[in-house]
Amino acid sequence: MGCDVVSPYFAIKSKYTPNLHKYSKEGPHAHSYWQIATVSYGCGFVMLDDESYSVSEGDVIIISPETTHMLYVEDLTMTTYEFKFDTKDSFLLHQLQNLPQIIKGIGNDAIELSRKAVHEAQDAKLHSEQFVAYIIAEIVLTLSRFSNDNTESESNKGYTDMLVEYENDPCSAKVRKIIEDGYSTPISTSTIAKSLFLSTSYICRKFFNSYHTTPLKYLSLLRLEKARQLLESSELSITEIALMVGFTDIHYFSRSFKSHTGLSPSEYRDRAKSGYAVAF
């Protein structure tokens with residue numbers, strides 16, 4: 001790959017701190033280029049279109065062009081390494097387009113590469129821009145490999161297997177019930193927190209301690225499992241199934257389904273109805 005594979009606009013280290021309950025460096029906004037944010041410390045939230053997701057150290061956020069987004073915290077601190085860039089390379093663009101919006105728990109690999117890119121940009125030495133471009137490309141390929149490996153390792157798990165209880169907690173059980181009862185309706189961690197008269201960060205922390213996953217990750221997996229069942233057992237269209245299980249964007253549903261199974265919804269249905277064994 002040549003040095004023109006990625007055109008970086010900037011690479012920065014950002015710190016988000018609490019201020020009057022909620023703090024963001026920018027309000028909800030969108031732009032015409034790609035953005036990757038690696039959480040290097042703490043935890044917080046990212047809004048992607050109309051959904052909010054909790055993120056913590058070692059998580060990576062992929063923001064595609066024209067996606068309305070905002071990173072923010074409530075009562076904790078979060079530090080990120082952020083990159084904004086363009087690419088016209090078809091291979092790299094394909095990898096980006098097939099990545100999930102939130103990649104959980106990639107850990108030090110992404111953090112160290114991100115730190116290296118930011119330091120290179122700050123040093124502004126000879127060929128720094130080219131070095132940053134190469135590092136961003138390496139980050140994308142590392143995320144693609146991690147996401148693929150993670151999909152394969154989890155492909156045999158149904159949604160009931162995703163919630164091994166590591167810690168018995170009444171609050172987490174209530175959050176789980178709200179998700180399982182209302183997965184087909186719009187749900188966010190903030191609405192769940194309000195219904196329980198608790199803070200969003202508190203329920204996310206308690207849920208993670210109990211189940212080693214986040215409420216929204218479980219919600220997404222539950223919706224995908226329900227969609228899988230409908231793809232196998234019904235003649236409903238892909239759009240009808242997506243809406244029925246709680247997805248409001250058919251394209252996001254298709255990307256999420258393929259990211260988790262390695263197959264598009266239509267490919268999954270075709271294989272299942274042809275009698276092939278399909279792992280999920």
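Predicted model: local features only at pLDDT ≥ 70, side-chain atom pairs only at ≥ 80, totals over all residues.
Residues are numbered from 1 along each chain as its sequence is written, and side-chain values use heavy atoms, with hydrogens and water left out. Local features need pLDDT of at least 70 and side-chain atom pairs count only at pLDDT 80 or more, while totals for chains, interfaces and linings use all residues.

User: Is helix α7 parallel or oblique to α10?
Analyst: The axes of α7 (residues 215-233) and α10 (residues 265-273) come within 9 Å and cross at roughly 50 degrees. Angles under 35 degrees count as roughly parallel, over 145 as roughly antiparallel, 65 to 115 as roughly perpendicular and the rest as oblique. Therefore α7 is, relative to α10, oblique.

User: How many disulfides does the count come to?
Analyst: A disulfide is taken as a pair of cysteine sulfur atoms within 2.5 Å. Because the closest cysteine sulfur to that of Cys43, in Cys204, lies 8.5 Å away, the distance is too far for a bond. By this rule, the number of disulfides is zero.

User: Is Cys204 buried or exposed?
Analyst: Buried means under 20% relative accessible area, exposed over 50%, and partly exposed in between, for a 1.4 Å probe and protein chains only. Cys43, at 28% relative accessibility, counts as partly exposed. Cys204 has a relative accessible area of 9%, so Cys204 is buried.

Terms used
Axes fitted to C-alpha atoms, helices over the stretch in contact; angles between N-to-C directions. Helix = DSSP H or I, 4+ residues; strand = E, 2+ residues; numbered from the N terminus.
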